[in-house]
Amino acid sequence: MEENKKSYSVTDLTALEKLEPVRIRPGMYIGSTGSKGVHHCVWEILDNAIDEITNGFGDTAQVILNKDKSVTVIDNGRGIPVDIHPVKKISGVEMVYTELHTGGKFNNSNYKTSGGLHGVGASVVNALSKWLVVEVHKEGKIYRQRFENAYDEKLKRVMPGTPVTKLEVVGKTAKQGTQVTFMLDPEVFSQIEYRFEVIDLRLMELSFQNKGITLVLQDLRGEEPVEKTYHSERGLLDFIEYLNESKTVIHAEPILFEGERSIGNVSLEGEVCVQFTDSTLENIASYVNNIPTSEAGTHESGFKTGMTRAFKEWAKKLNLGKDKSFEGDDLREGMTAIVKVRLSNPMFEGQTKNKLGNSEAYTLMNDLSYTKFYEWIEDHKDVATTLINNAIEAATRREKIKKISDAERKKIGKGTSPLAGKIAVATSRDKDYLEFIVVEGDSAGGSAKQARDRRFQAIMPSRGKIMNTEKQKLENVLSSEELKIFNTAIGTGTLTNFKLEDVRYGKIIIMSDADVDGYHIRTLWMTYIYRYMRPLISNGMLYLAQPPLYKVSKSTKKGMVQKYAYSDEELDAVKKEIGSGYQIQRFKGLGEMNPDQLWDTTLNPESRTLLRVTIDDAARAERMVSLLMGDVVEPRKNYIYKHAEF
């Protein structure tokens with residue numbers, strides 16, 4: 001064999017300059033270059049404005065969605081420093097927007113707490129933008145600087161976020177604060193679309209978390225401008241009322257407390273609001289320095305531990321449950337909680353800040369929660385007794401669930417699995433490669449079994465609609481034969497018995513007709529998985545198949561041409577492309593499609609379209625599931641009247 005003599009020397013090493021690392025690996029900084037990453041850029045600039053306000057500088061922030069697809073964020077804080085740095089010899093504005101890890105948040109002299117701690121938010125957004133303009137209103141003057149992707153003569157290549165003007169004084173003003181306008185670069189992002197409802201809900205949450213501040217959202221993209229203002233005087237009390245709008249509460253007055261704790265150089269300010277409902281599932285919305293911690297963390301764990309400790313001690317004092325103990329999971333059944341923490345020097349896991357890692361936060365929140373819940377119980381023994389008795393009943397149910405789960409596992413061990421004859425299994429054992437597909441109807445299920453690739457696709461025909469698990473008692477859900485089959489096939493267990501490592505498939509796909517009934521079936525399955533197997537969603541494993549609505553056929557000299565359209569808009573485009581003389585078939589359901597059509601359009605990984613189900617905002621998802629699928633009718637009716645297009 002000829003020896004490979006290719007050398008590897010220092011000349012093969014690439015040195016990335018300034019903001020280039022962000023362009024090369026944007027996912028490291030903002031999570032993704034899809035919709036989530038687009039909105040994350042807004043959050044980074046907005047977080048800087050909110051940090052000013054929450055640290056006592058200013059009281060108003062504004063987000064403007066401009067017609068040209070740029071975004072403007074304005075605050076009335078102190079304004080970014082405009083003076084020249086003694087070492088760098090550039091202005092504070094240029095430092096913040098062109099250098100990573102630059103900012104006033106690395107010590108506590110300027111910001112006691114902050115969301116944008118890493119000091120990369122502003123510069124990252126600049127790096128990922130086609131252009132960005134900063135205006136600082138300070139000391140009666142308007143300072144402005146513009147940054148663009150521009151060619152660097154020294155480096156001989158285009159550099160992101162390059163200052164193309166100096167920081168210039170362009171006018172006078174009586175205002176104070178910072179205004180940032182940025183245009184994200186389409187070369188980085190697959191699609192740049194700002195969703196009004198996503199930003200709307202984020203601003204609403206921020207107003208709930210920071211009572212007394214004013215936030216404004218303006219959308220100038222349509223024919224008529226839209227403006228919404230957010231202001232909450234009651235803070236977390238307004239927030240929990242919003243979250244529980246579609247639930248029946250057990251006690252009218254929520255549990256609300258706040259306090260401070262510190263260890264060494266780590267200080268924590270905690271504020272908690274809790275209200276119990278007649279649901280059987282818990283919902284915790286947690287935040288650190290205004291950042292949603294969707295993957296929880298040490299602050300949330302400390303809150304749970306302290307709360308459980310206080311209630312268990314009082315259960316003994318009140319002589320409740322002598323013959324029956326309860327665990328934290330039992331106590332938290334039906335609980336809605338908002339856990340808001342301000343923390344100096346937080347350590348998040350990843351720049352996208354989904355999970356808090358400080359061990360001190362666990363200790364501090366444990367102590368604060370224990371003390372405050374203990375005091376609350378002392379003053380509210382009647383409500384506390386009800387909650388403790390509910391927890392004891394929940395413990396009994398938990399044991400019942402465990403017995404049912406154990407019995408199902410024994411059946412599988414004896415070869416009497418409920419899957420026999422009901423699921424077309426796959427031959428591969430590589431779970432990352434395997435797909436479990438729930439198909440609406442026996443007819444479509446039969447076609448799907450013929451069409452699938454049996455190496456990696458398992459098919460479960462679903463007969464009609466499963467129950468609405470949001471309205472059913474736990475015992476009814478667990479006794480459903482169809483859900484038993486699904487649970488056994490997936491292998492993870494449910495609720496507190498859920499173990500992600502036991503999952504047998506890398507993708508779970510819901511495949512239903514593209515009509516009202518099909519959408520309802522999807523919703524019922526998503527509700528069940530959200531309530532009983534939520535980590536499947538948070539780990540990106542749940543998908544919705546997208547069957548076509550139309551087949552357009554045309555006979556030509558070269559043979560039959562067939563195209564599929566997944567919407568009315570696509571149909572119009574296909575008709576223009578294919579020309580005259582075509583025939584259109586409207587699919588009424590999956591059962592009408594031949595196996596080869598089903599494979600080509602909906603099952604083949606090379607040609608199909610799948611929608612991944614995600615939870616971008618846990619609090620919003622919780623409220624919407626309860627509102628749309630729960631027992632309380634009035635909020636749902638109001639929502640439909642507001643959003644439906646009749």
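Two strands are taken as paired if DSSP finds at least two bridges between them. The model described here is predicted.

**Strand S7 and its partners**

Strand S7 covers residues 177-184, and seven of its eight residues are buried. Strand S3 (residues 129-138) runs antiparallel to S7 and is joined to it by eight bridges; within this pairing, Glu135 stands opposite Gln179. Strand S2 (residues 71-75) is also antiparallel to S7, with five bridges between them, and here Val73 stands opposite Val180.

**Salt bridges**

Side chains of opposite charge can pair when their charged atoms come close. The count of salt bridges in the model is 27.

| Pair | N to O distance |
|---|---|
| Glu153 and Lys156 | 3.5 Å |
| Asp517 and Lys465 | 3.1 Å |
| Arg531 and Glu470 | 2.7 Å |

Asp517 belongs to helix H15 (residues 516-532), whereas Lys465 is in the loop between strand S16 (457-462) and helix H13 (474-479), so their contact ties together parts 52 residues apart in sequence. Asp517 is partly exposed, at 40% relative accessible area, and Lys465 is likewise partly exposed, at 41%. Arg531 lies in helix H15 and Glu470 in the loop between S16 and H13, so this pair ties together parts that are 61 residues apart in sequence. Both Arg531 and Glu470 are buried.

Glu153 is exposed, with a relative accessible area of 55%, and Lys156 is exposed at 54%. Finally, a network of salt bridges links Arg234, Asp238 and Glu241.

Notes: Residues are numbered from 1 along each chain as its sequence is written. This is a predicted model: local features need pLDDT of at least 70, side-chain atom pairs count only at pLDDT 80 or more; totals for chains, interfaces and linings use all residues. Side-chain values use heavy atoms; hydrogens and water are left out. Buried means under 20% relative accessible area, exposed over 50%, partly exposed in between (1.4 Å probe, protein chains only). Helices (H or I, at least four residues) and strands (E, at least two) are DSSP runs, numbered from the N terminus. A salt bridge is a side-chain nitrogen of Lys or Arg within 4 Å of a carboxyl oxygen of Asp or Glu.
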